[in-house]
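Thank you all for making the time this morning. Please have the sequence and the model open while I talk, and I will go from the whole chain down to single residues.

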Amino acid sequence: MMSNNIILAAQSLNKTYGSFTALHPTTLSIAKGEILGLVGKNGAGKTTLLKLITGQCLPTGGELTLFSETTPEGLRQARQRMGAIVETPCFYRDMTARQNLEYYRIQRGIPGKERVEAALHEVGLRDTGSKKFRDFSLGMKQRLGLALALMNHPDFLVLDEPINGLDPLGIVEIRELLLTLNREKQITMLISGHVLAEMQSLATTYAFIDGGRMIKTMTARQLEESYGHYLRLVVDRETGAAALLERHFPDIRYSIQPDKSVHIYNLQGQADEVTRVLVGNHIRLYSLENRGTNLEDYFVSLVGGSKDV
Ligand SMILES: Nc1ncnc2c1ncn2[C@@H]1O[C@H](COP(=O)(O)OP(=O)(O)OP(=O)(O)O)[C@@H](O)[C@H]1O
């Protein structure tokens, strides 16, 4: 009997097109509340896996369990609890955000006109008024797709490359929005992407796929540790500095090296704050540097070849 905590379980799930294997037998599970980042280069098989999950294509073999359901009828019902954007939804260029969502609400038989308003509110598009879809920025288009996926109050969101093509600000906005949905509405997520760094601070678990094969899964913490990025500090009193930092950053993970330098594994984005705390407390800071491999280089070391195709 599968735990209720498991939203999705794939067991040797695979897909071939004639003699071509788009997805080799894949085993994967997603627990409630998780944000799984499915990372792979173009053509790696991400969309194929997502389509098998959403029911947009049928597996050649293996088993899929969604919300503890495995039969075709059970899966159909389980998918009612999902929201997905796999392949960009076809919105009407000459209609507004509201008109587009209302169209799909009726098409999909989702009861309650207020769902449109609520979904627009959730993605921050309530004030787009009479602006037509054709005049939307890419970020707004992604948000509208997300609003569509949210209209049926899903417990599980499946999003194919929601961050692809966005500018840095757009990336931050979508990431914040997805994190809010995950935290406030406890929506479990499966998100694909081909740039590992864009998934950072979003995914709680990573699954790396290449050439149709799932090559590795790891938690965000394991990723952080294994790609070996850290802040290296050299100070006059290393143990005093460490104790001080522990008080200011309760989640800090560090080690003191034989050469007395301090390596901090999880505060890369807070180097200024670390400096301020040390200097403000009369610790002499001789040097502070960001060290280690770049995240995308680590990705290439996992999957091989160029960073992108
Ligand atoms: N209907 C199909 N018939 C034959 N081959 C297909 C079909 N759909 C996908 N493929 C092939 O399966 C492989 C995996 O494709 P998939 O779309 O899953 O990759 P992806 O990782 O999502 O890449 P992208 O980011 O480009 O969408 C590709 O080589 C693709 O050409």
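Predicted model: local features only at pLDDT ≥ 70, side-chain atom pairs only at ≥ 80, totals over all residues.

**From domains to residues**

The domain assignment, whose bounds come from an automatic or database source, divides the chain into domain 1 (6-224) and domain 2 (230-291). Residues are numbered from 1 along each chain as its sequence is written.

The centres of domain 1 and domain 2, taken over C-alpha atoms, are separated by 39 Å, and the C-alpha trace of the chain spans about 70 × 50 × 40 Å along its principal axes. The chain holds 11 helices and 13 strands, which are DSSP runs numbered from the N terminus, with at least four residues (H or I) for a helix and at least two (E) for a strand. Of its 309 residues, 34% are buried, where buried means that 20 or more other C-beta atoms lie within 10 Å of the residue's own, exposed means 12 or fewer, and partly exposed is in between, with C-beta atoms placed from the backbone.

Let me turn to the ligand. Which residues lie around the ligand? They are Tyr 17, Phe 20, Ala 22, Gly 40, Asn 42, Gly 43, Ala 44, Gly 45, Lys 46, Thr 47, Thr 48 and His 194, each with its C-beta atom, placed from the backbone, within 6 Å of the molecule. Strand S2 (20-31) and helix H1 (46-54) are the elements that give two or more residues to this shell, and H1 supplies the largest share, three residues.

Strand S2 also carries Ile 30, which counts as buried because it has 23 C-beta neighbours inside 10 Å. Leaving out residues up to four places away in sequence, Ile 30 touches Ile 7, Leu 8, Leu 36, Thr 188 and Leu 190, a contact being two C-beta atoms, placed from the backbone, within 7 Å. Ile 30 and Thr 188 are 158 residues apart in sequence, yet their C-alpha atoms are 8.2 Å apart in space.

Next comes strand S3 (residues 35-39), where five of the five residues are buried. Ile 35, Gly 37 and Val 39 point one way from S3, and Leu 36 and Leu 38 point the other way. S3 pairs in the parallel sense with strand S7 (residues 188-193) over five bridges, pairing being called when DSSP finds at least two bridges between two strands, and here Val 39 stands opposite Gly 193. S3 also pairs in the parallel sense with strand S8 (residues 205-210), over four bridges, with Leu 36 opposite Thr 205.

Six bridges join S13 to strand S10 (residues 230-235) in an antiparallel arrangement, and Val 235 stands opposite Leu 285.

Finally, in the largest nonpolar core, which has 65 residues, Ala 147, Val 158 and Met 189 touch the most other members. A nonpolar core is a set of buried Ala, Val, Leu, Ile, Met, Phe, Trp, Tyr and Cys residues joined through C-beta atoms within 7 Å. Helix H5 (residues 138-150) gives this core its largest share, six residues.
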